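Here is a short note for anyone opening this entry for the first time. Please read the points with the structure in view.

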Amino acid sequence: MKAVFKVEMIKNLQDKGLYFWTFILPIIFTVLFISIFTAGTEGADKEYVIISIVPGYTVMFVFFIIISMGFSFIEDRNKGMVARLASTPLSPYAYLMGKWTPYMVIVMIQIIVLLTFGKIVYNIPIDQPVLLSLLAIILTLCITGMGLAISLLIPTGNMGVAITQVVALGGALLGGLWMPLEHMPTLFQKIGKFTPQFWAHKAFKDAMTGTLSHSNFLVAALVLLSIGCVGFIIALVTYPNFLKRAKN
Amino acid sequence: MLSIKNMSKNYGSTKALQNISFNIEKGSCFGLVGPNGAGKSTLIKIIVGIIQQYEGTITFGKSLGANQKQKIGYVPQEVCLEENVSALENLYFFGKMYRLTGKELHERADEVLSYIGLSDRKKDKVKTFSGGMKRRLNIGCALMKEPELIMMDEPTVGIDPQSRQYILNMMNEMKQENRTIIYSSHYIEEVEKICDDIAFIDHGKIIEHNNMDVLLKKHAIPSVYFSGDRCSKYIQEIEHLGTITEHKKGYILTTRNPMQAMEKILQLSKKNSVVLDQFELLQPKLEDVFFTLTGSELRA
């Protein structure tokens, strides 16, 4: 598992495109949208927008890691690496864990960088740092778990891009990352509660402002962890089919 | 070493393998010959554990034991390496898959690099390698755990003659080390050079399986080639010795008794004052055996 992790990590570190998607683009969007939505506002209103946008765009952009995960698995499948590894004593579980963990590390770093940027540039509050750290870990597990499932199911890399766009952007819209849910129609507000973005964003905002109760934290953690676990289970169950489609 | 009984595999309505049975002895080099799509790769993938749903049984001998994946090295048909890391990192990667660690891993990687002739390029990224070098490294990765059984699926496809020869020499060395090799190819001349036992496979069936010498004796008929002005004058007189076909500027006489045929041709040439330009005994080849068995040339 460690060997798979190491090679996957090296490949990702060499991928300059990943730096753009992971750090540069989210920072550009955050700066851009904060400047647009805070134009003409001051004090509490401005702070409200910033506290919504910084975690909102963090949550939205971490979903794009699914694209990189998809391409990596498709490459392994089409190049024959999956089949070759299946001929070695490496178990499917170890292979999936080895592929999964580098993306957890990347997403964790991404969350830390984006929130640190928010703290330095916009002085966002971080009133419950322990809960915020736990949420970062749980969100990481949730998104990469989803990514794992999608990566093993998609037939092509482009399909992965398409599904990620729907999940990331659709979820961002319905989950209240772009505009507060209370400003949206009732039906959308109800649907939004089925998205991981909603739970992550709400919990992040509350933890930042120090209003996240333990029970609300547990609910959000449970929802996000469940999605991550379901993702891993789907990946494990669909692995034989993924191997069947592998070259070599 | 390995026994396969009544193995069948279907992909939908396509019968990839049909009731295949054979045994492979320890230390032998077993050639699996057949055209593309014959079922060779499917058979190999079943043996190495990539395909797990099939009919029939595989029995691994005591030397492979229960944990056979540790003792089988698989060289896939496609070059399958991590291109963005070095040759050494690739060997470490696959060595770790076979649970090699520390000093043992490093020493074995150096040994394999020397074996495949890439010691001087060990720190270079694989993406800078030629096709032949990648093929050698592809084999090297399968040798990290010093496997008892090496499965090679068309390891020489698309490479230059020098690299091909290097790989064939490597295989001869492996044979001398008493390793068991299963070698799949549609390059019949390679199989002829290195394998002891051969199975012809086509349309998912083993058409014939035997020792190379037995196969040649049993199925291939020797022939005599002769050419020269006015040879046609005595063709009718040798027709009863075998089958005559025109070939280039002369004739090929396929016969079970080539010595008698050669003697007769010489006699007739002398009698008719025919000067032979070319006169030779053509040894039967494995390809002829396949031709005899299937009635068709190998599909490349």
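Predicted model: local features only at pLDDT ≥ 70, side-chain atom pairs only at ≥ 80, totals over all residues.

**Notes on the two chains**

1. Helix 1 (residues 40–48) of chain B lies across strand 1, strand 2 and strand 4 of that chain. Its angle to strand 2 of chain B is about 60°.

2. Now the sheet itself. In chain B, three strands make an open sheet, ordered 2-1-4, with antiparallel pairing. Strand 2 (14–24) and strand 4 (55–60) of chain B are at the edges. Each has a single partner strand, so one side of each lacks a neighbour in the sheet. From one strand to the next, the twist averages 15°.

3. One pairing deserves a look. Strand 1 (residues 2–11) and strand 2 of chain B are joined by seven bridges, in the antiparallel sense. B:Ile4 has B:Phe22, in strand 2 of chain B, as its bridge partner.

4. Chain A is built from helices. It has eleven helices and zero strands. Its C-alpha atoms fill a box of roughly 60 × 35 × 30 Å along the principal axes.

5. How does the radius of gyration of chain A fit a compact globule? A compact globule of 248 residues would have a value near 18 Å; chain A has 19 Å, which agrees. Buried residues account for 47% of chain A. Of the contacts in chain A between residues at least 6 apart in sequence, 82% join residues at least 24 apart.

6. UniProt, in an unreviewed entry, lists "transmembrane region" features in chain A, including residues 161–181 and 217–239. Residues 161–181 of chain A are 67% helix, with end C-alpha atoms 26 Å apart. Residues 217–239 of chain A are 100% helix, with end C-alpha atoms 33 Å apart.

Definitions and conventions. Residues numbered from 1 in each chain as written. Chains lettered and ligands numbered in written order. Pairing = 2+ DSSP bridges. Helix = DSSP H or I, 4+ residues; strand = E, 2+ residues; numbered from the N terminus. Axes fitted to C-alpha atoms, helices over the stretch in contact; angles between N-to-C directions. Contact = placed C-beta atoms within 7 Å. UniProt positions renumbered as here; feature names shortened; annotations may be inferred. Rg over C-alpha atoms; globule rule 2.2 N^0.38 Å. Buried ≥ 20, exposed ≤ 12 C-beta atoms within 10 Å, placed from the backbone.
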